[in-house]
Amino acid sequence: MCTTNTSSSNQNNIFKDLVAHAQAYGFIYPSSEIYDGLQAIYDYGPYGVALKRNIQSFWWQSMTQLQQNIVGIDAAIIMHPTTWKASGHLDGFRDPMVDNKDSQKRYRVDLLIEAHATQLAAQSKAVEAKELVEAMETCLQAADLLGLDKLIQAFKITCPVAKTANWTPVRQFNLMFSTQSGAQNDATTIYLRPETAQGIFVNFLNVQKTARMKIPFGIAQIGKAFRNEIVARQFTFRMREFEQMEMQFFIQPGTEKEWFNYWQKTRLRWYTVLGIPDQKINIHPHKQLAHYAAAAIDIEYDFPFGFKEVEGIHSRTDFDLSNHEKYAKKKMQYFDADAQKHYIPYVIETSAGLDRLVLMVLSNAFIQEGKVATGGAAEPKNRTLLKLPPPLAPIKAAIFPLLKKDGMEEKALAIFDLLKYDFPLVYESNQSIGKRYARQDLIGTPYCITVDHQTLEDETVTIRERDSMVQYRMVIYKVAHLLHETTSIKSLLVQL
Ligand code: GAP
């Protein structure tokens with residue numbers, strides 16, 4: 001028991017350090033920080049945006065470039081409001097919430113009850129805690145709001161802020177953000193999309209016809225999605241504005257099991273190539289399915305706060321296309337020339353959260369070493385570093401003149417100019433070489449390239465590797481080849 005507590009408090013500390021690191025070294029900042037931030041909204045800094053774009057490129061290229069039968073689109077965030085009626089989000093995309101009248105705070109009921117159950121378990125009332133969670137799950141599955149009310153009362157659950165049980169009745173709240181479009185007296189209510197998938201469904205026939213796609217085929221998209229999450233926790237894990245990378249794969253009805261398995265296997269391989277160890281990935285089959293799904297699994301990563309979903313794979317049947325056909329009164333049928341029949345295709349969806357993948361990659365790369373370095377006299381004894389896979393690293397190499405004299409700066413700048421068209425680099429000439437290495441370790445730069453006296457004589461530079469801290473000399477003309485081989489997205493793609 002004691003060990004578990006200690007290790008979970010260690011994990012908490014590691015997570016706190018990671019969040020502080022992400023902010024201090026230019027990866028992720030709270031949004032509008034000068035106004036004290038905005039809950040569950042974040043901005044990406046110079047290294048964060050580069051890391052995010054590299055993950056994005058790996059996903060996009062693996063989907064659209066390596067697969068002959070998948071093409072991409074970029075649909076608008078704002079869609080015709082009937083889209084959300086047809087997709088079921090207007091009626092089904094909601095969570096039971098309750099307000100405390102004294103503190104004026106709103107809570108998601110499942111999280112409020114779960115927090116109470118955790119408290120009970122900590123007070124050695126594990127049986128009571130289990131009963132509470134089971135009763136809650138029964139109520140949630142039956143959408144029994146009155147039952148949830150009764151549970152809150154029976155267990156005397158109080159507001160964490162007001163410490164009172166002065167609750168409103170439990171109500172369903174839709175998670176979509178709405179706004180008005182058009183002149184005030186003639187305005188229409190429109191919604192910010194809660195998933196990118198619908199932009200793909202409504203364009204299904206446009207893409208199929210104009211790109212001359214034959215089933216089975218897929219449409220991929222990367223873009224922002226918005227959800228009015230009431231409880232924002234764990235940094236960028238649960239955001240109100242976030243980015244999804246979704247792919248809808250259109251198939252013949254009856255082949256959904258085969259394709260569901262295919263996409264599970266294909267997506268798991270992507271995580272392995274990304275450098276995530278097998279033991280840190282879990283497959284979680286869904287018992288409680290979203291309103292559109294006939295089968296679903298989550299791919300979970302072992303974050304410092306436990307295994308949590310980073311991607312969902314859903315078997316969506318013809319739910320979305322059939323509903324769009326009904327509401328838009330436009331045929332969504334596909335003519336299968338091989339089978340000589342018309343049908344509405346079934347869909348297997350892969351849906352990854354880009355921000356969660358950034359957090360996963362950072363969590364996996366964040367290392368706090370306490371050991372003595374072996375690589376050179378000027379190396380730090382304790383170091384914190386990001387062991388990012390080199391193709392994901394924001395900066396591929398840092399170029400240093402050892403000293404600011406004897407032409408070393410000019411030579412280092414010439415190397416920078418030679419390589420800058422192909423690779424994101426930094427040039428740094430201030431501070432000791434050890435401090436310059438340490439700075440690059442903190443942002444995950446895989447190589448530091450130093451120009452010294454010997455460079456001026458024989459055209460070789462010192463290459464220092466981030467993870468091993470090993471140093472070796474290399475002729476300048478070979479450096480571009482080294483960076484291409486080890487830091488390009490291609491070096492990941494070829495492993496898929
Ligand atoms: N189109 C299907 C769909 O949207 P989902 O499981 O609700 O399915 C897919 O979301 C992925 O989007 C999740 O696996 C997660 O990575 C990401 N995601 C969902 N809500 C999020 C939030 N509030 N903040 C950050 N990422 C989120």
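Predicted model: local features only at pLDDT ≥ 70, side-chain atom pairs only at ≥ 80, totals over all residues.

User: OK, sheets. What's the strand order in the open sheet of five?

Analyst: The order is β20-β19-β21-β22-β23, and the pairing is mixed. β20 and β23 (471-475) are the edge strands, each pairing on one side only. On average, neighbouring strands are turned by 25 degrees against each other, ignoring direction.

User: Which helices pack on that sheet?

Analyst: Helix α13 (residues 408-419) packs on it, touching β19, β20, β21 (447-451) and β22 (460-465). The direction of α13 makes about 160 degrees with that of β19. Helix α16 (residues 479-487) also packs on the sheet, with contacts to β19, β21, β22 and β23. For α16, the angle is about 175 degrees with the direction of β21.

User: Is strand β19 buried or exposed?

Analyst: Five of the five residues of β19 (residues 397-401) are buried, so the strand is largely enclosed by the rest of the structure. Both faces are covered: Ala397, Ile399 and Pro401 are buried on one side, Ala398 and Phe400 on the other.

User: How many bridges join β19 to β20?

Analyst: Three, and the two strands run parallel; β20 covers residues 425-427. Ala397 has Leu425 as its bridge partner, and Ala398 has Val426.

User: Switching over, what's the order in the open sheet of three strands?

Analyst: That one goes β5-β4-β6, with antiparallel pairing. Its edge strands are β5 (106-108) and β6 (171-174), each pairing on one side only. The twist averages 50 degrees from one strand to the next.

User: What links β4 and β5?

Analyst: β4 (residues 94-99) pairs with β5 over three bridges, in the antiparallel sense. Val98 stands opposite Tyr107 in β5. Helix α5 (residues 109-122) packs on this sheet, touching β4 and β5, and its direction makes about 80 degrees with that of β5.

User: Now helix pairs. At what angle do α6 and α7 pack?

Analyst: About 160 degrees, with the axes 8 Å apart; α6 is residues 126-141 and α7 is residues 145-154. That angle makes α6 roughly antiparallel to α7, since the cut-off for that label is over 145 degrees. The crossing of α6 past α7 is left-handed.

User: Which residues make the contact?

Analyst: From α6 you have Leu132, Ala135, Met136, Cys139 and Leu140, and from α7 Gly147, Leu148 and Leu151. By class, the contact of α6 with α7 has seven nonpolar residues, one polar and no charged.

User: What about α2 and α12, what angle there?

Analyst: Helix α2 (residues 46-65) and helix α12 (residues 354-365) pack at about 110 degrees, with their axes 10 Å apart. They're therefore roughly perpendicular to each other.

User: And which residues meet?

Analyst: Leu51, Lys52, Ile55 and Gln56 in α2 meet Leu354, Asp355, Leu357, Val358, Val361 and Leu362 in α12. The contact of α2 with α12 divides into seven nonpolar, one polar and two charged residues.

Technical notes: Residues numbered from 1 in each chain as written. Heavy atoms only, no water. Axes fitted to C-alpha atoms, helices over the stretch in contact; angles between N-to-C directions. Helix = DSSP H or I, 4+ residues; strand = E, 2+ residues; numbered from the N terminus. Parallel < 35°, antiparallel > 145°, perpendicular 65-115°, else oblique. Left-handed = near helix turned anticlockwise from the far one by under 90°. Contact = heavy atoms within 4.5 Å. Nonpolar A, V, L, I, M, F, W, Y, C, P; charged D, E, K, R; others polar. Pairing = 2+ DSSP bridges. Buried < 20%, exposed > 50% of the residue type's maximum accessible area, 1.4 Å probe, protein only.
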